[in-house]
Amino acid sequence: MLSSLPEHFRNHGLKADVRTLLLLRKAMQRGLVRTLGDVHNVLKGIIVKEPSDMGPFVKAYYAYFLHVPIRPGQTLEDAILRSETFQKWKTEFIEEADRDIGDEELVYTFLDEVHLTSYDIKEVISGKEIWDKDDPDQEDEEHSNPSEPQERTLDKMADYSDLSLEELLDRMEKVQKQQKTRHGGGSHWIGTGGISPYGHGGAAKNGIRVGGQGGGKMARKVLGDKNYFPIDRDALLNDNNVDAALASVKGVIEESAIEKLDVRQTIKSGLKRGGLFIPELKSEKNEELKVIVLIDNGGYSMAPYVRSVQNLFRKMKTRFAHDLEVYYFHNTIYDRVFTDERRTKSITIKKLLQHSKTYRVFFIGDAAMAPYELNTSSIQSLKSIAAKFKKSVWLNPEPLRYWPHTYTLQIIKELIPMFPLTPAGIERAVQSMNSKSSEN
Amino acid sequence: MAETTHWTGSNKYLCDPGLAQSFHMARTLGMPLLIEGEPGTGKTDLPIHYAKDRGLDLEVYPVGSKSNVEQFVARFDHVKYLRDSQIEILNAQREEKGLTTRLSTGERNPESLADYVVKGPAAIAYSKPNSVLLIDEIDKAPREFPNDLLYALSHRKFIMPESGEVIEISEEEMPAIVITSNREQELPTAFKGRCIYHYIDFPDKEVMGKIIEKHHPSIDEQVVKVALDVFYHLRRLGLERAPTTREILNWLKYMSETSPKEAVNKIKGLEGIGALIKTQTDMERVNRMLGASDSTFGARLN
């Protein structure tokens with residue numbers, strides 16, 4: 001049933017809710033949905049909100065509408081070949097086609113049928129007139145004789161545009177029930193079951209190639225293209241997802257850009273005019289992003305991440321933060337932080353605290369050390385930094401599940417808000433920063 | 001619902017079928033179309049060519065870091081209003097003293113509030129039936145802008161500040177709204193939810209050949225072929241800033257001034273490659289790679 005559609009798509013990590021259904025209904029009422037390919041396109045426009053959604057969307061769509069489950073690492077061709085839906089369709093198709101066809105071509109034909117949109121049909125039959133006049137039932141009677149396949153062009157055309165959402169739900173439910181009770185029942189969404197846009201054999205035998213306009217090609221491309229199968233946003237920061245992280249960090253740019261009434265100037269010139277105040281304006285534009293990064297570069301635990309982190313903040317510096325200072329420490333901070341990676345030159349915490357309180361501070365470290373290392377003086381230093389710079393966060397490369405097992409981490413977490421060093425974690429860190437004001 | 005016939009591109013603009021369909025869908029549903037994609041894939045060109053081809057009015061709102069909804073819809077120019085009313089007083093005083101010099105308020109009259117309403121592209125587009133409204137590079141906007149915009153767009157009615165003038169448009173005559181983004185900043189989920197989304201893929205060789213043909217119809221086939229080889233080779237190098245459609249078009253424009261044979265040689269010699277490579281690091285990288293291929297494969301690329 002379609003009412004389970006939002007939930008199904010949500011399970012694939014996509015955003016779908018009751019509005020998705022409402023929009024789908026609106027699209028149906030406006031005549032946008034006439035074929036299964038149209039359903040795909042409309043849902044794609046509504047649900048997919050970034051390129052990395054495409055992979056999950058194709059998966060969810062094939063599973064939901066075609067009962068073709070795609071397992072991780074499986075190609076679309078493979079998944080289709082193994083599916084019952086395809087087997088059922090194939091039997092019917094070969095029967096009608098009456099010749100041997102290779103698997104590859106079969107899959108392509110299948111994809112073409114599945115992704116056939118009303119735009120494709122319009123292109124083939126060129127002319128809205130035929131489309132509008134087309135009456136599926138009548139055509140069926142006239143041309144249902146299989147011995148004259150060349151005349152069957154629109155016989156199995158199903159037009160969803162007249163269906164209400166309820167009716168569509170109804171049909172879906174029937175199909176699904178059948179699927180459950182009678183395995184191998186196939187999907188009525190395709191094939192000769194009545195809903196399919198074209199009976200197979202029809203148009204294709206006529207020599208008109210109604211290749212889906214990229215729909216099928218797109219789907220094939222998507223599954224296996226790393227641009228579409230997203231980098232795991234919860235994976236730890238590495239060179240590949242550094243750009244995703246950067247996008248999150250971008251949230252820290254604060255801009256104030258307004259034309260302001262220049263009070264001083266207005267008064268000055270107003271007095272000159274003998275009390276006639278004609279307003280003077282000045283425009284102000286501040287791009288404010290001042291960042292201090294404190295990196296724990298001591299110990300083996302941090303070694304794998306230091307490079308990615310530096311990479312991230314270097315990119316950040318060149319792109320938008322010119323006030324970016326990087327300091328290093330080992331395990332925790334006592335009375336000083338180091339200005340070079342080898343920790344030979346240092347400045348005192350006192351000096352660090354002299355920075356303007358508008359600076360944002362990123363601590364990056366695993367916060368793991370021997371309990372005695374985190375002594376009173378160190379806790380005091382951390383506290384004073386967090387107190388001075390309200391926008392401080394700690395990014396931890398340790399996987400979240402290990403956090404509860406580290407004693408020192410638990411203490412530091414209490415002092416400074418801590419987030420995982422993943423693109424998603426950085427995003428949340430930035431959000432939490434932005435919710436705090438650097439004033440008071 | 002805007003003008004709802006299916007538009008598939010013009011003789012100057014090659015519209016990807018998927019994009020054409022999304023655009024049609026957005027207009028039919030009366031929703032904005034949000035287009036994302038690499039720079040130089042023709043995001044901004046879509047509404048421009050659509051409006052031109054169909055003879056519709058186009059309103060453009062280039063988004064910048066200062067953008068706010070008031071600029072986009074309409075704002076009341078309080079400052080000008082204050083200035084003009086002060087000038088009225090000043091003029092009256094001068095007249096009393098018998099001075100003839102007057103400060104002008106332009107054509108504006110402080111009595112009529114509508115004179116001080118500065119209409120933005122949205123208000124203008126909504127006051128014309130079936131216009132096209134382009135909101136360009138929304139990712140450059142301050143973070144709250146998209147959500148404010150959403151509120152403005154979800155109503156087909158604007159009330160002008162102070163003057164109270166109402167601009168309203170029927171659903172049938174609503175403008176076709178196209179929003180573009182370069183993905184430099186994540187847009188709020190709620191905002192994306194109200195748009196029809198389309199991501200423009202980078203065109204493959206075949207499509208790119210067609211695009212080039214639309215822009216440079218007279219160019220030699222061989223030249224295009226060689227240029228495309230070099231172009232896609234460069235794109236595969238993983239440069240910091242990969243060359244885009246715009247750049248290859250410029251490069252070929254430069255080449256089209258010479259004879260085809262010469263142009264092929266020039267392209268093979270990577271002449272004018274500065275049109276394709278945009279950063280110093282990329283340039284160094286390309287040079288280094290060329291050096292490497294020189295020593296191993298001889299002058300393959302030269």
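**Close-up views of a predicted two-chain model**

**View 1. The contact between chain A and chain B.** The contact draws 26 residues from chain A and 26 residues from chain B, two residues being in contact if their C-beta atoms, placed from the backbone, lie within 7 Å. On the side of chain A that touches chain B, helix H2 (18–29), helix H3 (36–47), strand E1 (254–261) and strand E2 (281–288) each supply at least two residues; helices (H or I, at least four residues) and strands (E, at least two) are DSSP runs, numbered from the N terminus. This is a predicted model, in which local features need pLDDT of at least 70 and side-chain atom pairs count only at pLDDT 80 or more, whereas totals for chains, interfaces and linings use all residues. Residues are numbered from 1 along each chain as its sequence is written, and chains are lettered from A in the order in which they are written.

**View 2. The largest nonpolar core.** A nonpolar core is a set of buried Ala, Val, Leu, Ile, Met, Phe, Trp, Tyr and Cys residues joined through C-beta atoms within 7 Å; a residue is buried if 20 or more other C-beta atoms lie within 10 Å of its own. Among the 84 residues of the largest core, A:Ala27, A:Val42, B:Leu33 and B:Ile196 touch the most other members. Helix H4 (residues 54–65) of chain A gives the most to this core, with seven residues.

**View 3. Confidence along chain A.** Over residues 126–161 of chain A, the pLDDT is below 50. Residues 179–213 of chain A also have pLDDT below 50. Where pLDDT is low, the predicted coordinates should not be read in detail.

Notes
pLDDT = per-residue confidence, 0-100. Buried ≥ 20, exposed ≤ 12 C-beta atoms within 10 Å, placed from the backbone.
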